[in-house]
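Please look over the sequence and the model below before reading on.

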Amino acid sequence: EVNLETRYDLASLSKVLGPTMVALKMIENGKIALYDTLADFLPDVPADKKNITIFQLMTHTAGFRPSFLLEELCETPADVLKVILEKPLDYEPGGGPAYSCMGYITLTKILEKIGGKPLDVLAQTYVFSPLGMQHTGYHPTGDIAPTELDPDTGKLLQGVVHDENARFLGGICANAGVFSDLNDMIRFTRMLALGGKL
């Protein structure tokens, strides 16, 4: 039985609740700018990606492929950024837009480098705690709605992110992984409607 405190897997809305809000707070605090490039943060970035901007990552215009299974290409989660950056772009940066989970994972690796902490801690610090969102975050506890049947075991996945790439990254990922309830989402949307205030 669901209620107002039942947590749901927010899937791709995680991009808005986590990395987008963290990036906007870092921009507000002067830690990054929209037109900073990958080369500003990643010294070994391939030449075709050096001039991709934070703005392009956030607006899905950087040229990255939409998605691919990281577990098939990475030996460990530590390889993720290297594998994403080695893949050829689908189109010239600045084109598009074309929705891309890979671009958002790249954005988050930059945010984590700047913030010195993993995404879940940054989101809690910059977004969820200041807004009083007590039932929002990664790796949820409490009353959680099941997301799907596990194809391997046939059991319900509950409190486990549906997205395969987010699962490969331990449930803390740019493109998915946030769980929340109705009350917290009302607080979040109210904050957006009021221009950043509750």
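Helix axes are taken here as lines fitted to C-alpha atoms over the stretch in contact, and the angle between two of them runs from 0 to 180 degrees between N-to-C directions. In this predicted model, helix α1 (residues 14-28) packs with α9 at an angle of about 45°, and their axes are 12 Å apart. The two helices α1 and α9 are therefore oblique to each other, and their crossing is left-handed.

Helix α9 spans residues 182-193 and includes L182, a residue that counts as partly exposed because its relative accessibility is 45%. Together with L4 and I186, L182 makes a nonpolar surface patch of about 260 Å².

Turning to charge, side chains of opposite charge can pair when their charged atoms come close, and six salt bridges are found across the whole structure. One of them joins the side chains of K25 and E28 at 2.7 Å, N to O; these residues lie three apart in helix α1, which means that about one helical turn separates them. K25 is partly exposed at 30% relative accessibility, whereas E28, at 57%, is exposed.

The salt bridge between D90 and R65 has its closest N and O atoms 3.6 Å apart. D90 sits in the loop between α5 and α6 and R65 in the loop between α3 and α4, so this pair ties together parts that are 25 residues apart in sequence. D90 is partly exposed, with a relative accessible area of 46%, and R65 is likewise partly exposed, with 28%.

Conventions:
Residues numbered from 1 in each chain as written. Predicted model: local features only at pLDDT ≥ 70, side-chain atom pairs only at ≥ 80, totals over all residues. Heavy atoms only, no water. Patch = residues over 30% accessible without salt bridge, like charges linked within 9 Å, V, L, I, M, F, W, Y side chains within 5 Å. Areas by Shrake-Rupley, 256 points an atom, 1.4 Å probe, with all protein chains shown as cover. Salt bridge = Lys/Arg side-chain N within 4 Å of Asp/Glu carboxyl O. Helix = DSSP H or I, 4+ residues; strand = E, 2+ residues; numbered from the N terminus. Buried < 20%, exposed > 50% of the residue type's maximum accessible area, 1.4 Å probe, protein only. Parallel < 35°, antiparallel > 145°, perpendicular 65-115°, else oblique. Left-handed = near helix turned anticlockwise from the far one by under 90°.
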